[in-house]
Amino acid sequence: MDTDFLDWALTDFSGYVAADELYDGPFCMLSAVDNRCDKRILYDVLDHDPTHEDIRAFLGRLKTALSARALTLFGVTTDGSTLSPEPLLEVFGEVPHHICEFHIVADVAKAVLGAVASARKALAATQPKLGTGRPSTPAAKQAARTKKRLAAQGAALFSSRYLFVQRHLNPTERKTLWRVSRGVPQLRVLRAIIEQVYALFDRRCRTQTALAKLAKLRRHVQRFITLGDTLKKLFAPT
């Protein structure tokens with residue numbers, strides 16, 4: 001890359017870089033951006049899916065550009081791809097590696113929505129099976145009412161599933177959430193947990209306070225064994 005461009009891009013280098021891969025059909029663009037100054041430092045376009053060797057070579061170029069200007073890298077942010085950790089460790093050693101807020105929240109939200117879908121399937125599986133014709137006995141009528149109630153709750157969970165991951169809820173939305181999750185306490189726990197996840201990224205929160213909140217959140221999650229796989233992302237070292 002043009003040396004003049006690198007001189008400009010690294011003039012006020014913050015020490016923190018965001019590295020990412022952008023896919024477009026058969027092509028992939030690797031990029032490194034100063035995520036405090038919003039300046040792209042390096043990029044590379046591949047005609048194939050990147051490998052560890054491609055990432056290693058790209059990070060090597062970044063290290064060379066920084067070393068030539070006596071600049072120090074303090075931290076790297078990625079999207080959580082498995083391509084990044086090994087090359088980062090090899091090229092930059094113990095430089096802190098973080099996962100970006102967007103991908104953390106997106107992964108946790110996806111896991112929570114998956115848990116809501118599983119709860120809906122579990123409700124459907126508990127619906128009593130009815131015989132043909134109109135129910136005539138008290139037991140059959142009770143079974144019909146139960147089936148109707150569970151089907152309605154399953155439909156409500158589907159139509160209101162976004163409430164479990166929405167960042168802010170007004171009083172009406174909270175009442176709706178409480179109603180549709182009646183009898184499914186694990187979903188209420190998930191809502192409480194995702195609110196704590198959002199609180200980790202409060203801009204008013206200092207780093208040490210956020211780390212203390214994360215430790216508390218991890219202890220909270222560990223008390224619910226059934227949620228372990230759903231929220232395992234919260235225990236990643238990055």
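## A pocket and a helix

About 150 Å³ of space lies in the second largest pocket of this predicted model. Its lining is made up of Ala18, Ala19, Asp20, Thr77, Thr78, Asp79, Cys100 and His103. Two elements, β1 and β4 (75–78), each give two or more residues to that lining. Of these, β1 provides the largest share, with three residues. Sorted by class, the lining of this pocket holds three nonpolar, three polar and two charged residues.

Now let us turn to helix α2. Spanning residues 52–68, α2 has 17 residues. From first C-alpha to last, α2 reaches 24 Å, close to the 24 Å expected at 1.5 Å a residue.

Which residues of α2 are buried, and which are exposed? The table sets them out.

| Group in α2 | Residues |
|---|---|
| Buried | Asp54, Ile55, Phe58, Leu59, Leu62, Ala65, Leu66 |
| Exposed, on the other side | Glu53, Thr64, Ala68 |

The buried residues, Asp54, Ile55, Phe58, Leu59, Leu62, Ala65 and Leu66, lie on the same side of α2 because they cover an arc of only 125° around the axis. What do the buried residues of α2 pack against? Their partners are the helices α1 (3–9) and α3 (85–92), together with the strands β1 (16–24), β2 (27–34) and β3 (39–46).

Note on methods: Residues are numbered from 1 along each chain as its sequence is written. This is a predicted model: local features need pLDDT of at least 70, side-chain atom pairs count only at pLDDT 80 or more; totals for chains, interfaces and linings use all residues. Side-chain values use heavy atoms; hydrogens and water are left out. Helices (H or I, at least four residues) and strands (E, at least two) are DSSP runs, numbered from the N terminus. The expected span of a helix is 1.5 Å times one less than its number of residues. Buried means under 20% relative accessible area, exposed over 50%, partly exposed in between (1.4 Å probe, protein chains only). The arc is that of the directions from the helix axis to the C-beta atoms. Contact means heavy atoms within 4.5 Å. On a 1 Å grid over the protein atoms alone, a cavity is a set of points where a 1.4 Å probe fits but cannot get out, and a pocket is an open set with protein on both sides within 12 Å along at least five of seven lines; lining residues have an atom within 4 Å of a point. Grid points are joined across faces, edges and corners, and a volume is the space filled by probe spheres set on the points. Ala, Val, Leu, Ile, Met, Phe, Trp, Tyr, Cys and Pro count as nonpolar, Asp, Glu, Lys and Arg as charged, and the others, Gly among them, as polar.
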